[in-house]
Amino acid sequence: MRRIAWSDDGRTIYASAEAIGQGPLLTFDVARGTERALVNQGTVSGFDVRGDIVAYVADSLTGPGQLYLREGAGAPVALTTIGKDLFAAAPLAPAEQFEFAGWNGETVHGYVVKPQGFVTGRKYPVAFLIHGGPHGSFGNTWSYRWNPQLWASMGYAVVMIDFHGSSGYGEGFGRSILNHWGDRPLEDLQKGWAAAQKKYAFLDGDRACALGASYGGYMMNWIAGQWPDRFKCLVQHDGVFDARAMAYETEELWFDEWEHGGKAYYEDPAAFEKWNPVNYVANWKTPMLVITGEKDFRIPYTQGLASFTALQRKGIPSKLLVFPDENHWVLKPKNSIQWYDNVFSWMNRWMGPGAR
């Protein structure tokens with residue numbers, strides 16, 4: 001649950017949550033124990049209740065947050081139209097959810113976003129976005145960081161997989177990644193990539209770049225060693241490179257230990273080393289853009305410097321982008337522009353016209 005609120009009469013609980021790639025607004029009848037969705041598509045990021053009036057903000061992969069008002073059983077009324085003129089001039093790309101059998105035969109969900117100006121019969125290069133967390137989701141929501149619409153605007157199709165460990169699919173699904181950072185999620189990503197190509201003929205599997213931050217950045221380093229022949233390039237932002245160093249550097253110590261079995265590195269080094277990207281650098285061959293922030297204490301920027309050193313030492317085409325004034329996220333508008341400029345330039349180098 002993201003937020004809960006009681007109705008004025010105490011008979012109903014309102015709650016926003018994550019659920020199978022959506023962020024619905026739900027009501028729960030306290031006496032009957034029944035559930036009903038007031039909003040079941042997109043993501044409700046905030047709401048308030050006064051009597052039988054509900055005000056909420058909802059967004060989706062195809063539009064930023066707008067304010068809505070719903071009175072009683074009536075239909076919701078949009079009170080804002082943020083970006084209406086901008087999006088009329090540059091229409092946003094459509095998105096579609098799909099599912100497939102992932103690790104252990106269990107259902108896994110993902111999204112595909114078509115490139116803007118999509119033409120039937122053409123094949124498009126792909127941005128394969130991998131979310132962080134790992135208990136997060138690239139679901140039906142809008143973001144000003146890692147927004148798939150920006151890749152779509154550059155002519156890329158986008159594929160995103162909510163692998164085992166992602167939030168919004170039940171506690172068991174989320175916990176399944178504990179002590180399994182490197183196998184179950186990777187299997188989901190591999191099967192999801194294959195399923196997306198089978199379902200969507202416009203995806204050009206031979207022109208794809210994988211990108212991720214935080215756990216997604218870890219997965220870039222892991223893919224470099226475990227799946228080195230799949231992608232034309234990689235973009236790794238604030239990713240774990242060496243689990244041993246990470247265990248002694250991070251300010252988020254409890255989380256790092258919890259994810260690897262609940263013990264400190266010196267108590268159970270095998271749990272950390274089993275999924276440690278640094279142990280497979282010998283397999284690395286894919287060009288990689290490395291991005292990090294010097295104020296990141298969650299996954300310190302030294303992890304990025306180390307992965308860049310490995311790339312340079314091996315003679316693999318690589319680039320390093322360091323933000324001295326950013327932490328685990330790129331939050332400043334000018335830095336965000338620089339971030340996207342570098343990412344798109346890197347991808348175009350390996351997948352654009354005249355790419356090597």
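Ser214 sits in the loop between strand 13 (203-213) and helix 5 (215-226), where helices (H or I, at least four residues) and strands (E, at least two) are DSSP runs numbered from the N terminus. The phi angle of Ser214 is near 60°, a positive value in a residue other than glycine. At 14% relative accessibility, Ser214 counts as buried, the classes being buried for under 20% relative accessible area, exposed for over 50%, and partly exposed in between, with a 1.4 Å probe and protein chains only.

The model described here is predicted, so that local features need pLDDT of at least 70 and side-chain atom pairs count only at pLDDT 80 or more, whereas totals for chains, interfaces and linings use all residues. Residues are numbered from 1 along each chain as its sequence is written, and side-chain values use heavy atoms, with hydrogens and water left out.

**Backbone features**

A positive phi is also found at Asn179, with a value of about 65° although Asn179 is not a glycine. Asn179 belongs to the loop between helix 3 (171-175) and helix 4, and its relative accessibility of 31% places Asn179 among the partly exposed residues. A cis peptide bond leads from Gly133 to Pro134, with omega near 5°, and Pro134 lies in the loop between strand 11 (124-130) and helix 2 (148-153).

**Overall form**

The protein contains 10 helices and 16 strands. Its radius of gyration is 21 Å, close to the 21 Å that the globule rule gives for 356 residues, so the protein is as compact as a globular protein of that length; this radius is taken over C-alpha atoms, and the globule rule is 2.2 Å times the number of residues to the power 0.38. Taken along the principal axes, the C-alpha atoms fill a box of roughly 65 × 55 × 45 Å. Of the 356 residues in the protein, 51% are buried.

An open sheet is formed by 4 strands in the order 1-2-3-4, with antiparallel pairing, two strands being paired if DSSP finds at least two bridges between them. Strand 1 (3-6) and strand 4 (34-39) are the edge strands, each of which pairs on one side only. From one strand to the next the twist averages 25°, the axes being lines fitted to C-alpha atoms (for helices over the stretch in contact) and the angles running from 0 to 180 degrees between N-to-C directions. Strand 1 and strand 2 (residues 12-16) run antiparallel and are joined by 4 bridges, and Arg3 has Ser16 in strand 2 as its bridge partner.

**Salt bridges**

Taking a salt bridge as a side-chain nitrogen of Lys or Arg within 4 Å of a carboxyl oxygen of Asp or Glu, the count comes to 7 salt bridges. Among them are the following pairs.

| Pair | Closest N and O atoms |
|---|---|
| Glu187 and Lys191 | 2.7 Å |
| Arg207 and Asp204 | 2.9 Å |
| Arg298 and Glu252 | 3.2 Å |

Arg298 lies in the loop between strand 15 (288-293) and helix 9 (301-314), and Glu252 in the loop between helix 6 (243-249) and helix 7 (253-259), so the pair ties together parts that are 46 residues apart in sequence. Arg298 is partly exposed, with a relative accessible area of 26%, and Glu252 is partly exposed as well, at 25%. Glu251, Glu252 and Arg298 are linked in a network of salt bridges.

Glu187 and Lys191 both belong to helix 4 (residues 184-199), where they stand 4 residues apart, about one turn of the helix. Glu187 has a relative accessible area of 25% and is partly exposed, and Lys191 is partly exposed at 35% relative accessibility.

**A nonpolar patch**

Leu67, Leu69, Val77 and Leu79 make a nonpolar surface patch of about 310 Å². Patches are made of residues with over 30% relative accessible area and no salt bridge, like charges being joined within 9 Å and nonpolar side chains (Val, Leu, Ile, Met, Phe, Trp, Tyr) within 5 Å, and accessible areas come from the Shrake-Rupley method with a 1.4 Å probe, only the protein chains shown counting as cover for residues. Leu67 is placed in strand 7 (residues 63-71) and, at 33% relative accessibility, counts as partly exposed.
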